[in-house]
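Me: I am new to this structure and would like to learn how to read it. Could you take me through it step by step?

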Amino acid sequence: MPPAAVPAEEPAAAEEEEEQQTKGLPALEGLVVGSYCHDVLLRGGRVVGETLGGAAAFVSNVLDAASPPEASFSVVSKVGSDFAYASAPAPERHPPLLCPAPTTSFHARFSDAVASAHAPDRQLRRVNACDPIYPDDLPDRRFAYGLAVGVAGEVLPETLERMIRLCRAVLVDAQALIRVFDAEGGGSGAAVRHIALEGTPYARLLERVAFLKASSEEAPYIGVEMARRRCCVIVTEGRDGCRLYWDDGEARVAPFTAVQVDPTGAGDSYLAGFAAGLLWGLSATDAALIGNFFGAAAVSQIGVPTFHPKMLQAVKQILEEKAIQRSSPCINGTTFTFQRSDKHDELHAALQEAARLMCEQQQNDTATDNCD
Ligand SMILES: Nc1ncnc2c1ncn2[C@@H]1O[C@H](COP(=O)(O)OP(=O)(O)O)[C@@H](O)[C@H]1O
Ligand SMILES: O=P([O-])([O-])O[C@@H]1[C@@H](O)[C@H](O)[C@@H](O)[C@H](O)[C@@H]1O
């Protein structure tokens, strides 16, 4: 009598969980959660621009432009019936949910003083706030990665918790977690203020987040030394590039030259470029170069930037050549490679050339416009 079939070794719970999580997982599908908004840019009390805004716009713009061909993503965003940019490329490709409340809107007042960590280059007021994004608003399926990128408090703690359950790796913009809005009289909207992350309901979720990005103005409110023990912390430093902090290491990543005309969306574009770098299989420190590149591109234009096809072609060619492997264990795995690779400097030099192309093209376009 043949020996009774010996049951296969029960995979350990963790391996089973791993197996479950990767079963049928779309190769590189992402989930972007955060709302589009209306931005009004003011300088010296005068309106100098009215544009589409919100991380959903800036993030989609970069992911659509720079992700590997096999990558895709869904956007969960909310607007009101007053939304004025439904036909803009990002909302057209990634339509928002329609709500009874008005579209979130911000007034950004720019100072001419040079920005610094504690004297930011703009003062923000939130004039309207659309509905929050609830856990049930999220698609009921699994994702390789998620970007929690609220700008007006719309990504609730319970929504972030559901993102963590749905996505293998979640990247968070600190502005989604630490902003509070002090409504004041006079109808000029609510001043945007920051509170310490530690005291918020988001703090307990940090150890299940892969990357937390904060600007140098936001960094004092997240407590880098505490946060880096729970996830990799990125601090963006405007024209000085960015720094990464993980449990036992840190790295400074050089910026790209840019002629700043509007800082709006730099952080959003940075985070999307960083995510795209991870999708291409780069280490976190190398992927931060892609973040710096698209952050620089964002400040070079007012509103959501358009990228010259030649520049994008150059960037994708660089990434094809330099990317280590597409099915990177990074974004699909549970561990990340943080250190810079031996190709880091070569990658920066190649991207700097593409950035020069972008600046040149911009100057040509400006000269042409001036001649029209
Ligand atoms: N003037 C600039 N020149 C070059 N790169 C810039 C400039 N401003 C921002 N960046 C890039 O964009 C990233 C995010 O910008 P930052 O201003 O730090 O974020 P936020 O918009 O969240 O305040 C920076 O890390 C940098 O790579
Ligand atoms: O500039 P940045 O920090 O990357 O992100 C910005 C938000 O801080 C701002 O509230 C919003 O109105 C802009 O459209 C943009 O999303």
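Me: Is Q339 buried, exposed or partly exposed?

Reply: The general idea is to ask how much of a residue is left accessible: buried means under 20% relative accessible area, exposed over 50%, and partly exposed in between, with a 1.4 Å probe and protein chains only. Q339 has a relative accessible area of 45%, so Q339 is partly exposed. Before we go on, please note that this is a predicted model, in which local features need pLDDT of at least 70, side-chain atom pairs count only at pLDDT 80 or more, and totals for chains, interfaces and linings use all residues. Residues are numbered from 1 along each chain as its sequence is written, chains are lettered from A and ligands numbered from 1 in the order in which they are written, and side-chain values use heavy atoms, with hydrogens and water left out.

Me: Where does Q339 lie, and which residues does Q339 touch, not counting those up to four places away in sequence?

Reply: Helices (H or I, at least four residues) and strands (E, at least two) are DSSP runs, numbered from the N terminus. Q339 sits in the loop between helix 10 (329-332) and helix 11 (344-371). Contact means heavy atoms within 4.5 Å. Beyond four places in sequence, Q339 touches W246, S283 and T285. R179 is another matter: Q339 and R179 are 160 residues apart in sequence, and their C-alpha atoms are 31 Å apart in space.

Me: What is the mean pLDDT of the chain?

Reply: pLDDT is the predictor's confidence in each residue, from 0 to 100. Here the chain has a mean of 87, and 84% of its residues reach 70 or more. Take care with residues 1-11, where pLDDT stays under 50 and the model has three contacts beyond four places in sequence. The model's scores are ipTM 0.99 and pTM 0.90.

Me: How many helices and strands does the chain have?

Reply: There are eleven helices and 16 strands. Of the 372 residues in the chain, 55% are buried. Among contacts with a separation of 6 or more, 67% link residues 24 or more positions apart.

Me: Which residues come nearest to ligand 1?

Reply: A residue is near a molecule if one of its heavy atoms lies within 4 Å of it. Ligand 1 has 16 residues around it, and T236, G238, G241, Q260 and N292 come nearest. Next, look for polar contacts, which are pairs of N or O atoms within 3.5 Å; within protein, one must be able to donate a hydrogen and the other to accept it, and residues adjacent in sequence count only if both atoms are side-chain atoms. The side chain of T236 has an N or O atom 2.8 Å from an oxygen atom of ligand 1, while G241 places a backbone N or O atom 2.8 Å from an oxygen atom of ligand 1. K213 has a polar side-chain atom 3.3 Å from an oxygen atom of ligand 1.

Me: Which element gives the most to the shell around ligand 1?

Reply: Helix 8 does, with four residues. Strand 13 (211-215), helix 7 (266-279) and helix 8 (284-299) each supply at least two residues of that shell.

Me: Which residues are closest to ligand 2?

Reply: Ligand 2 is surrounded by 18 residues, the closest being D39, G54, R179, G265 and D268. D39 has a polar side-chain atom 2.4 Å from an oxygen atom of ligand 2. A polar backbone atom of G265 is 2.7 Å from an oxygen atom of ligand 2. Helix 7 gives the most to this shell, with three residues.

Me: Where is Y85 found?

Reply: Look in the loop between strand 5 (78-80) and helix 3 (89-93). Leaving aside neighbours within four places in sequence, Y85 is in contact with H38, E50, T51, L52 and P91. The side chain of Y85 reaches the backbone oxygen of E50 at 3.4 Å and the backbone nitrogen of T51 at 3.4 Å. Y85 and L52 are 33 residues apart along the chain, with 6.4 Å between their C-alpha atoms.

Me: Why does E161 count as buried?

Reply: E161 counts as buried because its relative accessibility is 19%. E161 is found in helix 4 (residues 157-166) and, not counting residues up to four places away in sequence, touches R204, L205 and R208.
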